[in-house]
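My entries are below the structure.

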There are 2 protein chains.
Amino acid sequence: MSANWFRRRFLPGGPLPAPRPPRPRASPVPYRRPRFLRGSGSSPGTADASCRPDARPVRSPVRGRALPWNAGYAEIINAEKSEFNEDQAACGKLCIRRFEFGVEEDQEWLTLCPEKFLTGHYWALFDGHGGPAAAILAANTLHSCLRQQLEAVVEGMVATQPPMHLSGHCIRPSDPQFVEEKGIRAEDLVVGALESAFQECDEVIGRELEASGQVGGCTALVAVTLQGKLYVANAGDSRAILVRRDEVRPLSSEFTPETERQRIQQLAFLYPELLAGEFTRLEFPRRLKGDDLGQKVLFRDHHMSGWSYKCVEQSDLKYPLIHGQGRQARLLGTLAVSRGLGDHQLKVLDTNIQLKPFLLSVPQVTVLDMDQLEPQEEDVVVMATDGLWDVLSNEQVARLVRSFLPGNREDPHRFSELAQMLIHSTQGKDDSPTQEGQVSYDDVSVFVIPLHNQGQGRSSH
Amino acid sequence: MSANWFRRRFLPGGPLPAPRPPRPRASPVPYRRPRFLRGSGSSPGTADASCRPDARPVRSPVRGRALPWNAGYAEIINAEKSEFNEDQAACGKLCIRRFEFGVEEDQEWLTLCPEKFLTGHYWALFDGHGGPAAAILAANTLHSCLRQQLEAVVEGMVATQPPMHLSGHCIRPSDPQFVEEKGIRAEDLVVGALESAFQECDEVIGRELEASGQVGGCTALVAVTLQGKLYVANAGDSRAILVRRDEVRPLSSEFTPETERQRIQQLAFLYPELLAGEFTRLEFPRRLKGDDLGQKVLFRDHHMSGWSYKCVEQSDLKYPLIHGQGRQARLLGTLAVSRGLGDHQLKVLDTNIQLKPFLLSVPQVTVLDMDQLEPQEEDVVVMATDGLWDVLSNEQVARLVRSFLPGNREDPHRFSELAQMLIHSTQGKDDSPTQEGQVSYDDVSVFVIPLHNQGQGRSSH
C-alpha cells in the first residue's frame with residue numbers, strides 16, 4: 001500500500017483534500033541503501049516459525065541461508081514509513097495431525113505414530129496499514145487457524161473422494177454419487193479451510209486489537225503446498241506469480257476499491273445507511289462540483305460495467321464511495337484495499353462511518369497442480385507486497401528471474417540472492433531493470449519459492 | 001430451459017418432489033419431424049422487424065431467404081411444450097438518430113439529413129418460461145429500449161472519446177484527462193446502453209404483464225453490431241459462440257442458480273426474510289434428511305468457493321435455496337435461470353415467497369472488435385437457446401459449421417441451411433453428429449450470423 005495512505009486527511013462534505021503529488025516516475029532522491037531485516041519480519045515474535053508450537057522447528061528464513069526444507073527465501077525492506085515494519089511475513093512447515101483418537105490419547109499416539117501427520121509448507125506476507133499491529137497478529141495467528149481448519153477436515157482430504165459425512169460411513173447409499181455429481185475434490189476442502197482460516201484469523205485480530213486498544217489492518221497473501229498442490233490465497237493487493245522458462249502466470253488477483261467496485265456499490269445500494277448521507281454511491285470520472293449541477297455527466301452504478309450519462313443532482317456532489325484512480329483509488333476516502341484482515345475499528349476521519357462492512361476477509365484461492373506442472377529446477381513462485389509490483393511488472397520480474405538463476409546454479413543461496421536483487425531493483429539503483437528507473441517508497445517484501453521437488457510433500461511422514 | 005420446468009411441483013417444508021427421470025442420453029423415441037416455423041417467432045407480432053417504427057423496413061428472416069442486409073438467419077423449433085412457442089426471436093437494423101435539434105425541427109431535419117443516423121444490426125433470442133407472454137413482449141420491446149438508450153448517448157459514442165459532459169463543452173479544463181484516466185471509450189457507452197435497456201425492458205414487461213393479468217419470464221440473448229464492434233449481451237442460459245477456422249470462442253456465459261450461487265446465497269444472508277423460514281441458504285451435496293442430524297456433512301455458504309463440513313442442525317433440513325445439479329438445478333425449487341426478464345409475480349408454489357429479488361435483469365456484455373478480428377468469409381456467430389446447447393457442445397457445433405459451410409459456398413441460403421441443420425442435429429436423426437444420439441425435447445432457436453463485412457456498418461449512412 002502506498003506509504004502515506006493513512007496520513008491522508010479526508011473531510012467528508014468539505015473541500016477535496018489537496019491532490020497528492022504524483023508518484024515520481026524517475027528517482028528524485030539519491031539511492032538509499034535498503035535496510036535488510038533479518039528473519040521474516042522486523043518485529044519480535046513475528047515470524048520465527050520455530051517458536052510456534054504447531055510448526056516443526058525450522059530456522060527462520062534468514063537471508064542467504066538455505067532452510068532445512070525447500071522453503072523459499074524472504075527479503076523484507078522497511079521503507080521507514082512507521083517505526084515498526086508494516087510488512088510482516090511468516091513461513092514454516094505445516095503439520096496437520098490426523099486425529100483418530102480422543103484428546104487424552106493423542107500425545108501417546110503422536111509419539112508412537114509420527115507418520116500420522118499430513119505435512120505441507122506455508123508462506124505468508126502481510127502488508128499492514130494504520131500501524132503494524134494487525135500484520136504482526138496475522139503473522140502469529142493465521143497459520144494456527146489454518147492448521148486447525150485443515151485438521152477438522154483432514155480425513156476428508158486423505159480419502160479418495162471427500163465423503164458426504166466426515167465419520168466416513170454413508171447415511172444413504174447414494175451419498176458418494178451426490179459428492180461425485182457436485183465434483184467435490186480433496187482440494188476443495190483445502191480451499192474451504194483457507195477461506196475459513198482467513199475469517200477466523202480476522203475475528204481473532206478484531207478481538208485482540210480491541211482488547212489491547214490497538215488499531216489497524218493488513219492484507220494477506222498465503223501460499224501453501226499440500227498433497228502435490230500449491231494453493232495461493234489472497235485478500236488484498238499483494239501478488240503471487242509463477243515464473244517458468246516459457247511462462248509467466250498470475251496466481252492471484254488484487255482486491256482494491258477499483259477491482260471490487262460493483263460489490264462495494266451494491267452493498268451501499270442495499271444498505272444506504274452505511275454511507276450516513278455523506279457519500280454518493282455513484283462513480284463519476286472526477287468528483288463533481290457545483291457548476292456540474294444540471295449537466296449530463298458520465299457515471300456508473302452498481303449494476304453497470306459500462307458507462308452512461310445522468311443529469312447531476314445535488315446528492316451527486318457528495319464525496320464518492322470510491323474515489324481516485326489506480327493506486328490512488330480509495331474506499332470512503334480512506335482505504336486503498338477492499339479485502340484483508342483487521343480494520344474492525346476503522347472509521348472515516350471525524351465521522352462514525354465504518355469501513356469494515358465494505359471489507360471482505362475471505363480470500364480468493366488459486367490451485368496449481370504441481371504433478372501436472374512437472375516443475376523444472378528454475379521454476380519459482382514470486383510472492384511480494386505491492387511495493388514490488390508498483391514498480392515492476394510481472395514480465396519485468398520474470399525477466400529478472402530468468403536472467404539471474406541460470407548464472408547462479410552453483411550458489412546455494414541463489415533464491416535468497418534473487419529475492420534480495422528484486423528488492424534492490426525497486427530502490428532506484430543505477431542498474432535497475434525498471435525501464436524508467438522507478439522507485440518504490442513503500443515497504444517491500446518478497447518470497448521466492450522454488451517449486452522443484454515441492455511435490456514431495458505429498459506423502460505423509 | 002427444460003421442457004417441464006414450470007410443471008414441477010414443489011411443496012416447501014413437505015416431502016421432496018418425486019425425482020424426475022434423468023434426461024434420456026440415447027433417443028428413446030422415434031425421430032419426430034421438427035416443425036419449422038416461419039419468421040423469427042411463432043406468435044403474431046413477435047419478430048417482424050418491418051412492423052416496427054424504429055427499424056428500417058427489412059424482411060423478417062424467413063428460412064432460406066437472404067435478407068437485404070447481412071442479417072444472419074434464424075431457425076426456430078417448437079417442442080410443443082406449450083400452445084405458443086416459448087422461444088421468441090427478433091432481428092432488424094438499428095437506426096440510431098443523432099439528435100442535434102429540438103423535437104419540433106426533427107422531422108424536417110430527418111428529411112434533409114438522412115445520413116444523420118448511426119446504423120447497426122440487432123439479433124435477439126428470448127426463451128420464455130411460464131408461458132410465452134414475457135418472451136413475446138421482450139421480442140417486441142427490447143430493441144426499442146435499446147434504441148432509446150443509444151440515442152441518449154449517441155453524441156458521446158461518435159466523439160473521439162466520450163466527453164465528461166454530454167453537451168460537449170468542458171466544465172473544467174481537466175475533464176478530458178479524467179475520462180482518459182478512467183479509460184472510458186465509446187464501447188463503454190454501448191455496454192451501458194445495453195445494460196440499461198435490459199432493465200428498462202424488464203420494467204415494461206412487469207407493467208404489461210400485470211396490466212393484462214399474464215405471468216411468465218424469459219431469458220434474453222442479444223447481439224448488436226455497431227461502429228465496427230460486435231456486442232453480445234446475455235441474461236439467462238442461452239449462449240453465443242464465435243466459430244472461425246481455427247478458433248471457437250464463447251461470447252457469453254450462462255447465468256443459472258449454480259453459476260450465480262454465491263450472489264444468490266449472499267442476498268439470502270443479507271436478507272434472510274426473503275426465505276420466510278422455509279428454505280436453507282446453505283448448499284449440501286444432497287438434500288438432508290432426519291438421519292443426517294448431528295452428523296458432520298459437506299456444505300458451503302455464500303463466502304465459500306471451497307467446501308467444508310458442518311454439524312447438521314434442524315434448520316439445515318429445510319429445502320435448499322439452490323437445489324439440484326446441472327440442468328436440474330433450481331432456484332427456490334422453481335426456476336432454472338438466475339437472470340432474465342419478467343417473473344415479477346413469480347412465487348414459490350403455495351407460498352408467498354417471491355423469486356424476483358434473486359433474479360437480475362442486467363446482462364453480461366462481451367465486446368468483440370471486428371476490425372481487429374478481420375473476419376473471413378466463413379467466420380460466424382452461432383446464437384442459440386439452451387435447447388441446442390443441452391445436446392451439442394461448442395466444439396460439436398463448430399465442427400458442424402466447418403463441415404457445412406465450405407461445401408456450400410455457392411448456396412445463397414447456406415447460413416439459413418446451417419441453422420436448420422443445427423436444429424436437425426438436436427432431433428435425434430440417424431445422421432446426428434451428437435456422439436450419443438442425444439435428443440433435445442426443448443424449444444430450440446438458432447441464429448447464424450456471418451461476420452464477414454459486418455464491420456461495414458461502421459460509417460453512418
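The entries start with the conventions and then go from the pair of chains to single residues.

**Conventions.** I am working on a predicted model, where local features need pLDDT of at least 70, side-chain atom pairs count only at pLDDT 80 or more, and totals for chains, interfaces and linings use all residues. Residues are numbered from 1 along each chain as its sequence is written, chains are lettered from A and ligands numbered from 1 in the order in which they are written, and side-chain values use heavy atoms, with hydrogens and water left out.

**Entry 1: symmetry.** I recalled that two copies of a chain are related by a rotation about an axis and a shift along it.

**Entry 2: the interface.** I took contact as heavy atoms within 4.5 Å. By that rule 49 residues of chain B touch 49 residues of chain A. I noted that 100% of the interface residues of chain B are also interface residues in chain A, so the copies meet through the same surface. The buried area is about 4400 Å², and carbon and sulfur atoms give 57% of it. This area is the accessible area (1.4 Å probe) that two parts lose on being put together, summed over both. On the chain B side, Lys182(B), Arg286(B) and Tyr309(B) lose the most area to chain A, together 16% of what that side buries.

I counted four salt bridges between chain B and chain A, each a side-chain nitrogen of Lys or Arg within 4 Å of a carboxyl oxygen of Asp or Glu. One of them joins Arg286(B) to Asp175(A), with the closest N and O atoms 2.4 Å apart. α4(B) gives the most to the side of chain B that touches chain A, with six residues.

**Entry 3: strand β4(B).** Helices (H or I, at least four residues) and strands (E, at least two) are DSSP runs, numbered from the N terminus. Is β4(B) enclosed or open? Ten of its ten residues are buried, so β4(B) is largely enclosed by the rest of the structure. Buried means under 20% relative accessible area, exposed over 50%, and partly exposed in between (1.4 Å probe, protein chains only). In a regular strand the side chains alternate between the two faces of the sheet. Both faces of β4(B) are covered, with Leu221(B) among the buried residues on one side and Val222(B) among those on the other.

I then traced the partners; strands pair if DSSP finds at least two bridges between them.

- β3(B) pairs antiparallel with β4(B) over ten bridges, and Asp127(B) stands opposite Thr219(B).
- β5(B) runs antiparallel to β4(B) and is joined to it by seven bridges; Val224(B) faces Tyr231(B).
- β14(B) pairs antiparallel with β4(B) over two bridges, and Gly217(B) stands opposite Gly342(B).

**Entry 4: the turn.** β4(B) and β5(B) form a hairpin with two residues between them, and Gln227(B) in the turn has a positive phi of about 50°. Gln227(B) counts as buried, at 16% relative accessibility. A polar atom of the Gln227(B) side chain lies 3.2 Å from the backbone oxygen of Met157(B).

**Entry 5: chain A spots.** Gly213(A) sits in the loop between α4 and β4 of chain A. Gly213(A) is exposed, at 65% relative accessible area. In contrast, Asp386(A) in helix α7 is buried, at 0%. The side chains of Asp386(A) and Arg327(A) make a polar contact of 2.6 Å. Last, I noted that the buried residues of α8(A) pack against elements including α7 and α9 of chain A.

Note on methods
Polar contact = N/O pair within 3.5 Å; in protein donor to acceptor, adjacent residues only side chain to side chain.
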